[in-house]
Amino acid sequence: MPYLGNTPTNQAYTPQVAYFSGNGSTTVFTLPRAVVSSAQILVFVANVPQNPTSAFTVSGTTLTFTSAPRSEEHTSELQSLRHLVCRL
């Protein structure tokens, strides 16, 4: 099929996932990639999305929770060029 203008290209989105485990006392985790703001990161604790204005802060590669995730909770962090998702 002919196109007017440039030929469309397919682009893939491949997120990066990193996992963390809570221990009931650690509130600071190191991210594999720096982020500029909490708008670039999604955080889940026990599959529950966390509110960036009340549950955590992020600065560079440092993710800081307002309260420590329990030891039975796991965090994963999903990161692409723009977005980072953490699961705990």
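Here is a short tour of this predicted model, one selection at a time.

Before you click, note that numbering starts from 1 along each chain as its sequence is written, and side-chain values use heavy atoms, with hydrogens and water left out. Local features need pLDDT of at least 70 and side-chain atom pairs count only at pLDDT 80 or more, while totals for chains, interfaces and linings use all residues.

Start with the whole protein in cartoon view. You'll find seven strands and zero helices (DSSP runs numbered from the N terminus: E, at least two residues, for strands; H or I, at least four, for helices). Of the 88 residues, 31% count as buried (under 20% relative accessible area; exposed is over 50%, partly exposed in between, protein chains only).

Next, select Phe20, Phe29, Leu31, Val35, Ile41, Val43, Val45, Ala55, Phe56, Val58, Leu63 and Phe65. These twelve form the largest nonpolar core, meaning buried Ala, Val, Leu, Ile, Met, Phe, Trp, Tyr and Cys residues joined through side-chain atoms within 4.5 Å. Strand 2 (28–35), strand 3 (41–45) and strand 5 each give two or more residues, and strand 5 gives the most, with four.

Now zoom in on Thr64, in strand 5 (residues 56–65). Thr64 counts as partly exposed because its relative accessibility is 26%. Show its contacts (heavy atoms within 4.5 Å): leaving aside residues up to four places away in sequence, Thr64 touches Thr27, Val28, Ala55, Phe56 and Thr57.

Finally, draw a distance from Thr64 to Phe29: their C-alpha atoms sit 6.4 Å apart, though 35 residues separate them along the chain.

Conventions:
Buried < 20%, exposed > 50% of the residue type's maximum accessible area, 1.4 Å probe, protein only.
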